[in-house]
Structure formats: structure tokens, C-alpha cells
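Here are some notes to read alongside the structure, written for someone meeting it for the first time. Please keep the view open as you go through the points.

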There are 2 protein chains.
Amino acid sequence: MTDTSPVVTPTTPGRATIADVARVSGVSTTTVSHVLTGKRPVAAATRDRVQAAVSQLHYRPNHVARNLRVGSSQMIAVVVPDITNPFYAQLTRGLADALGSDYGTWVCNTDGSAGRERQLVGDVLARGADGLVMASVEHDSAGATVPTRYDTPVVCLGESIDHPLVDRVIAADGEASRSAVEHLVSRGARRVAMISGPASQGGSRVAGYQEALLEAGLRVPKFLTVHGDWTRAGGRAALHRLMRSAHPPDAVFCANDLMAIGALDAARELDLTLPADLRLIGFDDIEAASLVSPALTTIANPAYETGWSAGKLVLDRLQGRHSGSRRTVVLPCRLIVRETS
Amino acid sequence: MTDTSPVVTPTTPGRATIADVARVSGVSTTTVSHVLTGKRPVAAATRDRVQAAVSQLHYRPNHVARNLRVGSSQMIAVVVPDITNPFYAQLTRGLADALGSDYGTWVCNTDGSAGRERQLVGDVLARGADGLVMASVEHDSAGATVPTRYDTPVVCLGESIDHPLVDRVIAADGEASRSAVEHLVSRGARRVAMISGPASQGGSRVAGYQEALLEAGLRVPKFLTVHGDWTRAGGRAALHRLMRSAHPPDAVFCANDLMAIGALDAARELDLTLPADLRLIGFDDIEAASLVSPALTTIANPAYETGWSAGKLVLDRLQGRHSGSRRTVVLPCRLIVRETS
């Protein structure tokens, strides 16, 4: 077959430049650049004005032109705490699949160190990575280490980075937590406890738990929420504490699977039969969740889908399908009902 | 401080060239090139002569010069079946740690497809990867897809690639299997069965099992070795089969942890108490091995160390610390005694 359609030159609409952004926001192009690159501090009010102008004008840094420059490495870097954590391995696989053969996947491990993260991001940009997926950013340390060089597309996980050109992928773990607790209530649980993470972490999971109980007209007494430390030992200790109370729970929602597996240990020690004596739900769906006995009801984090979405967001910018202001992709988490609920 | 030491030009010993290799092996440089690149078939006898000459002359392709050329990507590619398999995630982490900040780690997933592997290797070389770690090669398909462009260092896992310039990292799983069975015998087991992989795979594990029994003066009846398919369901079915026999085993060595966890399922169904009624050992030390109950005795694959060693072998060639003929690193596997043995 011969393609006989005429050659059509696509019409490019007049595109906003950095000068347009400066004019609309009433600042210099240097200031716009400082906001976009994050290299210099800019007053919050000015920053807001610039970000509003970027959104309004659909300002789009020239990624496609950048790609045509010599020096593109055809690599997308993914910065993770540790690739041996199955969540990040799944995420990296999703990213690689989304990128296909267009871009290679460059894995960087921070071990949760902000200093190491900063160094890695510097290396990656200096060596010409075409895009960056930040899966390592802590909520607290975000501002400090996030690369916002506006000519390299950046995608971050969660809501840790607030920048008009940094796309975001968010897992709806609050909604998932609510549906997990609704599931426990629908099976007859009336005194639902939660083993959460440390006080400063995983707030949306705790909020989902509380919302579900309030909507069901159940009480949410403070002593039914116990802080754990994400470990198996912490989960075991937390369940022992809960079961010693004068009014022990008939169901427990754990903020991760390792703590739920620790709670299973404690339940065995206390001769509790699951789910008859106690219903239990974890979070993450790690491999062991289906392998322990009884098999753990849990919530699957959309790790693969997160990586896939991040890859698509980066490709959209690199290949000119999206320009300008930030997009946010919210992914659902699935409840996986097994034997403990 | 000022460095006042005189500038010393290192003396380079006369280095063998491809012409020297051709002369010593009595063939043309084109034939040497065919042997080294693998691009054209060469008669086995000729190939052996060329490989002997490469070893004898310590022939070293000019990696360091290559590195100085424009176009080095400063990336090492690691080709794995699937990064979400924890073994390959650990391996990739070990590789990244060995490479440090000198080179980035480029992850490629083949899903076990020889066609996809060939395509990825082609992409990776075309885009200027500085080295290649082949962790995906099947024993059967090895010859077909292995890149042996002699100017890019290649490291492979196991003994699948036989090429004078391809370094190898091998896990001593036969020795580990022997020590696992010795451990079972030392605890009193006399009828040790094995749940192996499919007949064509994991031969060194079966050999280690048989050696240990023979050395202990125990019989190795054929019906005590049952082929599984690496899955949990396969392990469960295999244990049921073994326990139905007229002379059931008092211990079982499984060629991987998933089959051992399936055997645990069957043991529970048969009301067997471990280790009193049956001793059980797996292989791999997956995360779930320590999380199931009773916790599984198993053998830890040196996944991280394998990646680390592969990285060091590649760096040695890229940074001129090793030249010429192939090196083989053999890594031990550790027996991890938990509750099932």
C-alpha cells in the first residue's frame, strides 16, 4: 500500500514564551526562571503569580526542541529509596513498560537519604536524562531536593512537590482505607481498631478509617488507634496491646502488611481464630500476604500503574502531547479479600 | 597542598593486538573478529584456537580508549527477565552499588522472551551502553542472543555463555544443596525426598542432593525425587504424592521456596507437625520464607553479591584493571536455618 495522503504541515498555535509569563505575572524573566528552576528563593506571593501565569498561558518549556539537541541520553531516571522494595520494583517495571523502546529506564537508589537524593538528581540532570520520576521524596524534605529545571520533565509521587510544571501521580489510599473498614463493618465488625504508622505518616489511611466508622454510625474511641512502626514486631506488640484492653476490638485495620503479619503472630499466640474471633486487613499486598496462613485480606497499592502513569506523563511532555501546567493522575487501590476478614 | 611529585608516564607493556591473535591462532583477523563478535558462525576447532590465543596473549579490546570517545553514555545495562522478581531487584541493587556514581544502571526486562532480549541488547549497544550484564540468558538460547561485540564488556550469570571475553558470575547452588541435605541428615532425617524443578532445569541442585545422600551412606531411591513446576500449587501436589507412598519421607528438600510453601500447605492439610513429623528446606530465601509459619529453613541466593560482582568485573575492564581472558567469580549460597528443619 502506498500512502497517498498529502503532506500536511501541522499548524502550531502561537506558543507562550517565558517572556509572556513574565509580562502577565508582572516580574522579570529572571524571576520566572528562578520560580521554574527553583534555584533561587522567590517570595511566596510572587511565586503564586508566576505559577498562575504559567497555568493561564499554558506555558510549555521547549522539551521537543531539547530532545532534538545533541546530548539527549534517551534515558528517563527513576529515583527510588530502594529498588529491592517490591513497591518500587513494580513501579519501575510499569515505567519501563510505558517508555517502551523510546527511552531507557535509569534506576537510582537514595536509601531515603536527602543528601544522596540531591546528589543523584544532580548527576542525572548533568548527564542529560530526558525526564525524571521522583518516587523517593519525603513529605518533609520535598522543597529542598526537588529538581525543577524547567527543561526536564519531572513527575513526582503523592503531593509532596508543589510546582506548576511537576506532574503528579497519587494513589487514593484514603478511599481504599475507607472501603476496607466498610468491608469489615459489612461482615459484622462493630469495634474496629487501627494499627497505624508513626503519628506523622500515613494520615490519609487513618482519615479513611475514621470516616468509614463515622459514616457507619460507629464510635471512634482514641484508644482503638495504636501507632506502629511499619514492622512485623511493631504490629505484634500493637495487637497484644489492643487485646489487653477492657473492650478489645473485633476487627483491626493495619496501615501495612508487615504490621498485619505481626498481628497474625500475636493472634496465634492468643489462640484467636481468624476471622471468627478477629477480622484483620493489611495494606500493600506484598507477596507474603497471599502466602501466610490464613491468607491476608489487604489493599493492593497500584505500584505498576503508578510507574506506567508517570511514564506516560513524561512522554506526553517529551513528545509534545501536553504542554504547560501540571496534571495530577489519581489511581484507585483495590481491596483484595482473602481469609482474614 | 601542592603536589610536587614528578609527572610519571606509566609504561604500557607491549599489548597484543587483534593481528597478534590472528597470527598465533593461524587465522585471518576477520575470523578472529567473527569469533569475538559472534556475528558469523566459525568452526568449533577454529573457535577454540582463537580463544586459546586470546587467553595466551592476554588480548584486551581497547575499552579504555572506547571510554574516552565521544558517545559514551556512562550507563551499564542490566538485562533481566523481570525487575519485579525480587532476585533481579536485589541483583540490580548490588550492581548499582558497585557502579557507584561512575555509571548509571539501565534496567531492561525481557519477560523471558529471546526475541525481546535480542532487540533490547541491540538497542542498548546502539545507544552506547558502556557495559552489559546479562542476567536473563536461558541455558538453551544462550548462543543465539548473547552480544559479543568485543568493545563492550559483557558479564553473564551462570555458565550459559562460553566466550573468551565474557566474564561470569556463578552461584554455588550445588554445594548449597549438598549442605542443606547434610543439615537434614545431621538432624536425624533418613528418608530425604526432593521436590525438584522440571526435569531440564536446576540440575546442580538435584546433583547436590544426591551427592549428600550418597556421602551419608543413604539410599537415593528414584521415587523420592518428584518434579515440580516451581509453583506453590506444584509443591503442594508433590508433597501429597510423596506422603501417599508406602515409605513416606521424613524430610523434603525443595528446589525453591514457593514449592516449599506449597509443601507447607500440604503438611497442614495432612496434620503433620514440622519439624517433628517432617523436616523441610526451600531455596531462594524470598521475603515470605521468614513470614510464613513455621518460618521456612532455606538457602539464600547471593543475588545482591551477584550484581555487585558483575559490576566490579565490568568496571575492571572499563577502567583498565583487567584485560584479556575471561574471569569467573563463584559465590557461595548461605543456609538459613529457621523453624522447619
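1. Start with A:I195, which stands opposite A:V226 in β7(A). The strands involved are β6 (residues 192-196) of chain A and β7(A), which pair in the parallel sense over three bridges. Helices here (H or I, at least four residues) and strands (E, at least two) are DSSP runs, numbered from the N terminus, and two strands pair if DSSP finds at least two bridges between them. Helix α9 (residues 203-215) of chain A packs on this sheet and touches β6, β7 and β8 of chain A, its direction making about 175° with that of β6(A). Such contact means that the C-beta atoms of two residues, placed from the backbone, lie within 7 Å. Angles run from 0 to 180 degrees between N-to-C directions, with axes fitted as lines to C-alpha atoms, for helices over the stretch in contact.

2. A word on the model and its labels: it is predicted, local features need pLDDT of at least 70, side-chain atom pairs count only at pLDDT 80 or more, and totals for chains, interfaces and linings use all residues. Residues are numbered from 1 along each chain as its sequence is written, while chains are lettered from A and ligands numbered from 1 in the order in which they are written.

3. Now step back to the whole sheet. It is open, has four strands in the order β7-β6-β8-β9 (chain A), and its pairing is parallel. At the edges are β7 (225-227) and β9 (279-281) of chain A, each of which pairs on one side only. From one strand to the next the twist averages 15°. Helix α8 (residues 173-186) of chain A lies across β6, β8 (251-254) and β9 of chain A, and runs at about 165° to β8(A).

4. Chain A as a whole has twelve helices and twelve strands. Of its 341 residues, 48% count as buried, that is, with 20 or more other C-beta atoms within 10 Å of their own; exposed means 12 or fewer, partly exposed is in between, and C-beta atoms are placed from the backbone. Among contacts in chain A between residues at least 6 apart in sequence, 72% join residues at least 24 apart.

5. Where do the two chains meet? 28 residues of chain B are in contact with 28 residues of chain A. On the chain B side, α5, β2 and α11 (257-269) each supply at least two residues, and the largest share, six residues, comes from α5(B). By class, that side has twelve nonpolar, ten polar and six charged residues. Here Ala, Val, Leu, Ile, Met, Phe, Trp, Tyr, Cys and Pro count as nonpolar, Asp, Glu, Lys and Arg as charged, and the others, Gly among them, as polar.

6. Do look at the strands that link the chains. Strand β2 (residues 104-109) of chain A pairs with β2(B) in the antiparallel sense over three bridges. A:W106 stands opposite B:W106, and A:V107 stands opposite B:T105. Within chain B, strand β1 (residues 75-80) runs parallel to β2(B), joined to it by six bridges.

7. Is β2(B) enclosed or open? Six of the six residues of this strand (residues 104-109) are buried, so it is largely enclosed by the rest of the structure. B:G104, B:W106 and B:C108 lie on one side, B:T105, B:V107 and B:N109 on the other, and all are buried.

8. The largest nonpolar core has 100 residues, and those with the most contacts inside it are A:V79, A:W106, A:V133, B:I76 and B:W106. A nonpolar core is a set of buried Ala, Val, Leu, Ile, Met, Phe, Trp, Tyr and Cys residues joined through C-beta atoms within 7 Å. A second, separate core of 92 residues includes A:A288, B:Y209, B:L258 and B:A266.

9. Finally, some backbone details to check. A cis peptide bond joins A:S293 and A:P294, with omega about -5°, and A:P294 lies in the loop between β9 and β10 (298-300) of chain A. In chain B, the bond from B:S293 to B:P294 is cis too, with omega near 0°. A:D111 has a positive phi of about 55° although it is not a glycine; A:D111 is exposed, with 11 other C-beta atoms within 10 Å.
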